[in-house]
Amino acid sequence: MCGIVGYIGKKEAKPILINGLFRLEYRGYDSAGIATIENNGLKVVKNKGRVNDLNNTKGIDSLKGTIGIGHTRWATHGKPSSTNSHPHMDNSENFAVVHNGIIENYADLKEFLKSHKYKFLSETDTEVIPNLIHFYFESSKKTGNMRFLDAIANTCKMLKGSYALEILSSMYPDNMIVVRKDSPLVIGKGVEENYISSDIPAILSFTKDFYLLNDNEFAFISRDSIDFYDSELNKIDKECQNITWNAGAAEKDGYADFMLKEINEQPKSIRETIGSRISKNSKTLLPDIDLDKKYLNSINKIFIVACGTAMHAGYATKPIFEGLCEIPVEVDAASEFRYRNPLINEKTLCIFVTQSGETADTIAALKLAKSKGAKTIAISNVIGSSITREADYTVYTHAGPEIAVASTKAYTSQIVLLAIVAIYFAEILEKNLEKCSELKNDILLLPTKLEEVLKNTDKIKEFAKKIYKEKDVFFIGRGIDYSVAQEGSLKLKEISYIHSEAYPSGELKHGAIALIENGVTVVSVLTNRMLVEKSVSNLLEVVTRGAKTFIVTNQELNHDFDEVITIPKTSTLISPVLSVVPLQILAYYISKEKGLDVDKPRNLAKSVTVE
Ligand code: F6R
């Protein structure tokens, strides 16, 4: 949801900014732009379209400055256009700003500034920011560097909403100020140079030492120093963190797309998620969650709250928590949870699942749960992400950077980690210990079984060629298989733009079956031995009406279907980790057949930092 990057050092800033923007493009790709400080002041080059288009935009070659900021946009206020692209400048052209987030009260601020004779060129919410900075700079009583900081701090006090900001001024050619609130921003420390970015992987090839800003903190950055301030401009200390990720993890490694790479990485990412947390015949280790038997016995409900694919991981694991811990579980979309006054108190445990750790609705939902007295656990993939700084406890999936907008390896890692959390609780509660031990054994075998699933993709690719021109596809399943159907359907629509819906198999005949006619594709997941016959009956209902069928199963089926993908057997409870993979691959090849940009589907962004 917009990516920002910055550089201050001795090298030419432009190639570093462009490189960072390419890596942040997954966050939005409606337009891109950069600003640098040249000998004669601030210079902005921006354009509608992708970073590649920016690279060919008039004026880009003239940028030689060694300090600069860059932006790749996911449009919210104002259509994608060159004028609406960032960076935005104030009327005096002394301040340039890039912004990730949304200024909710921008209309009022615009009126205020207009009453002071400021003019606006764009339709964006962001353009009020450089003008407010100019306004407060002019009226500031401070001098030197503090005048620049003071103008920005006063501006931030006026802003409602979310923002990660990088600000340059022609009057401070050797400095940059950054600040964040509810939008991500990291600072990478180099030798006589510093980097800024929306995420760590984008600048990981330049440095492994990072400072993570908290909400309402400012950094005043020079080539060889960074000073941190709180919202009242008191100086604060910050610890530099060394990140152990390998820069290569954020590259395609010879794969055509990040999504294909990430699908194929699942055996490895699941091994990382398991780590040393579970092993045969010993107790589950999750030292990051310090909850005891007395507390776990006292809770009467667990909420799993998330968005999109992460929410589907919640649906997939609800039966594990209920089956092992014997505590009722409710799964909710964060955007609903936060506005429906959910019944929670100190006897509720709330688990928030988010790959990025930056999803605005999920963070707001966590804050709400905390305010009502619930204990909160964050399940995230991104070290130091915003949610991890709000939650009582954080456990990381360790799936490695996920770059493709459509989530794949994060989903399977979330399921495995949630399953491990459920086992951990059940062991503390001393409940269903035999089932826990069986499930642990099955989890430990998942990486090898995933390797097997990934070897058999030819039939899926062929089926994709047969159906890629279709307009509607239905996904069905019962119980846990229905949760996988939901994820398969989401994957297909987001990267292939084919309309699809997921239904519980038995529910189809209560309405949606009216849409099944000759040639419509029905995809079904079938992994529960107890429900095979019933699910096959549901499939025959659609076959009779002319549907083409694509089945993912680990069961013997006594009927012919158009395509059957057989996956290894495992406990039904953890089967989504295997059964989702053919659906990810099907969506991938359909998108490729249609010639679409798999990694960057239209209208989407990887990290949804606006509500
Ligand atoms: C779909 C997808 C999204 C995300 C959702 C939540 O492929 O990636 O549905 O799952 O936006 O994102 P996180 O997990 O970062 O909170």
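Helices here are DSSP runs of H or I with at least four residues, strands are E runs of at least two, and both are numbered from the N terminus. Before I go on: this is a predicted model, where local features need pLDDT of at least 70 and side-chain atom pairs pLDDT 80 or more, while totals for chains, interfaces and linings use all residues. Numbering runs from 1 along each chain as its sequence is written, and side-chain values use heavy atoms, leaving out hydrogens and water.

Now, who sits around the ligand? There are 14 residues, counted as near if a heavy atom lies within 4 Å. Thr354, Gln355, Ser356, Thr359 and Glu494 come nearest.

The side chain of Glu494 places an N or O atom 2.4 Å from a ligand oxygen. For Gln355, a backbone N or O atom is 2.7 Å from one, and for Val405 a polar backbone atom is 3.3 Å away from one. On its own the ligand has 400 Å² of accessible area, and the protein covers 90% of that, by the Shrake-Rupley method with a 1.4 Å probe.

Finally, Phe321. In the largest nonpolar core, of 118 residues, Phe321 is among the four that touch the most other members, along with Ile289, Phe425 and Ile443. Such a core joins buried nonpolar residues through side-chain atoms within 4.5 Å, buried being under 20% relative accessible area. Helix α12, residues 409-429, supplies the largest share, 15 residues.

Notes: Polar contact = N/O pair within 3.5 Å; in protein donor to acceptor, adjacent residues only side chain to side chain. Buried < 20%, exposed > 50% of the residue type's maximum accessible area, 1.4 Å probe, protein only.
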